[in-house]
Amino acid sequence: MGGARRHGGRPDLVRARVQQGMSQESAAQALGVTPTTWARWERGEQGVRASYRPRMAALFGVSAVEVERWIEGWSHGETSSWPTTDLGDSSPAATVKSAALLWRLEMDPSRRHLLASLPFVPSALGEWLVSWNYGTPAASAARRGAGRVVGLADVARINEARKAFGQMDQRFGAGLVRPVVVEYLNGTVAPLLRGHYDDRVGSELMTAAAGMTWMAGWTAFDLNRHGQAQQHFGQALRLAKTGDDPLTGVWALAALTRQAIHLEQGTWAVWLARAAADTARRAEAPPRVMSLILVKEAWATALQVKSAEIRDGRRAKQVERLLTEAERAYAKGTTDRDPEWTSRFEAAELNAEVGVCWRLLGEHRRAADCAEAAVTEFSERLPRSVQFNQVHAAEAYLGMGELEQALGTARAAIPVTKALTSARSVDLLQRFSGQLEPYGDTVAVREFRDHLNSELIA
């Protein structure tokens, strides 16, 4: 059990109990353990089971992170369980150590709950952006580790596994695939990173590891574990820095942008998108990469327009300009320099994101047309994308005052939502239900809400 045999005991746990005016006996009784067990916890002679840690946090009125610090003796800067990924040190040794620790924590039952409960920490993003933009990549990605010799065939297998996991995620949602992704990172990728490889293989290996870490972050995001997702996106950025791969860094920044948009962190979303766009331009990125990030910047800017108390015409025009640039870039087609991950950014996905921007600007008819076209294009291939766009279309119809059409479109999304293991899909429908409040007294809305609640519970 984590934390057993800690020299010097656990003085912070003792201090927390004393500050509450509790004896060891009363604290033990509150948690349902014997006074002897509590005394051993304080002396550092016995580990604290995972099941007791949330109870301890509730007892003392502190966060789960704080309890972990008391038990394990961590400071926030000493563990990858806290969003302090240091992109400044891009040496292979430091990057491998940081990544392996994060993935090991994911597999540890006594720590996993902590990662899943971490909050999204916007302030960490500023440090990451500074390090990404101004830090110097490692002189070489080579490593002479104690593990086996790693070759390009090993790298290719990581990339193939990520593509397979990505297809599963798109069809079924993150709940099904995420455990497999983190197990693969810890059991397969980490040993390879600790191996022996030259500069060429090292660069490719860092990129492949970044892609798989991106997948771990994306699946955590889909499950609404936002601090956990942020950790993995930050680690993907660090691996891309070590591998001197700016386009993979753009991919990680785009994911962080999308997460910030979801959490309505409009300013951070814009800054992240602009950092990604600047990186892409410096790297002379192919058109598909530019299109992907320009539409994200448009989305983030449109969110700022919607959130403003007074409509900002200048920003609204900026959104339109960014959308035009994104569509023009996409129309230039593919090149032999396109990263593999751009294959997920098909024309229907671009159209769907453009539609969301129009809805945020109040252009509901254009938004509905884009969403409906995306639903038709995605059809049965990508159920989660179909569900998202059905709900986006329903929101657009609601914005036009077409309540019956909105309810019918949203109702069609419910069976798909039930079939997915995606917390974001459920949240999207529940958010739409909240937007029905002005019509809450109507029979149609009451019936829709009753049906939605009964189906989601079932």
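Hi everyone. Let me start with a definition: a residue is called buried when its relative accessible area is under 20%. Thr-342 has a relative accessibility of 8%, so Thr-342 counts as buried. Keep in mind throughout that we are looking at a predicted model.

Where does Thr-342 sit? Its place is in the loop between α16, residues 313-331, and α17. And which residues does Thr-342 touch, once we leave aside its neighbours within four places in sequence? The contacts are Arg-288 and Val-289.

Searching the whole structure gives three cavities of 30 Å³ or more. The largest cavity holds about 570 Å³ of space. It is lined by 26 residues, and those closest to its centre are Trp-218, Lys-296, Arg-344, Glu-349 and Glu-353. Which of them gives the most? That is α19, with five residues. If you sort the lining of the largest cavity by class, you get 14 nonpolar, four polar and eight charged residues.

Next, the open space. The largest pocket comes out at about 610 Å³. Its lining has 25 residues, and here the closest to the centre are Glu-264, Arg-359, Glu-395, Arg-431 and Gln-435. As for the elements, those that supply two or more residues to the pocket lining are α13 (246-262), α15 (287-307), α17 (347-360), α19 (383-399) and α21 (423-435). By class, the pocket lining divides into 10 nonpolar, seven polar and eight charged residues.

On to the aromatic rings. How many aromatic pairs does the structure hold? There are 12. I picked out two of them for you. In one, Trp-214 and Trp-218 are stacked, with 5.3 Å from centre to centre and 5 degrees between the planes. Why are they about one helical turn apart? Because these two tryptophans are four residues apart in helix α11. Trp-214 has a relative accessibility of 6%, so it counts as buried. Trp-218 is buried too, with a relative accessible area of 12%.

Lys-241 lies over the face of Trp-132, 5.2 Å from the ring centre. Arg-424 lies over the face of Phe-221, at 4.6 Å from the ring centre.

Let me finish with some loops. Asn-224 is found in the loop between α11 and α12, where α12 covers residues 226-242. What is its phi? It is near 65 degrees, a positive value in a residue other than glycine. With 23% relative accessible area, Asn-224 is partly exposed.

Asp-244 belongs to the loop between α12 and α13. Asp-244 is not a glycine either, and its phi is positive, at about 55 degrees. The cut-off for exposed is over 50%, and Asp-244 has a relative accessibility of 53%, so it counts as exposed.

Last one: Ala-139, in the loop between α8 (122-134) and β1 (143-144). This alanine is exposed, with a relative accessible area of 87%. How far is Ala-139 from Phe-60, in sequence and in space? The two are 79 residues apart in sequence and 48 Å apart in space, C-alpha to C-alpha.

Note on methods:
Residues numbered from 1 in each chain as written. Predicted model: local features only at pLDDT ≥ 70, side-chain atom pairs only at ≥ 80, totals over all residues. Heavy atoms only, no water. 1 Å grid on protein atoms, 1.4 Å probe; cavity = no way out; pocket = protein on both sides within 12 Å on 5 of 7 lines; lining within 4 Å. Points joined across faces, edges and corners; volume = space filled by probe spheres on them. Nonpolar A, V, L, I, M, F, W, Y, C, P; charged D, E, K, R; others polar. Phe/Tyr/Trp six-rings, centres within 6.5 Å; stacked < 30°, edge-to-face > 60°. Buried < 20%, exposed > 50% of the residue type's maximum accessible area, 1.4 Å probe, protein only. Lys NZ or Arg CZ within 6 Å of the ring centre and 35° of its normal. Contact = heavy atoms within 4.5 Å.
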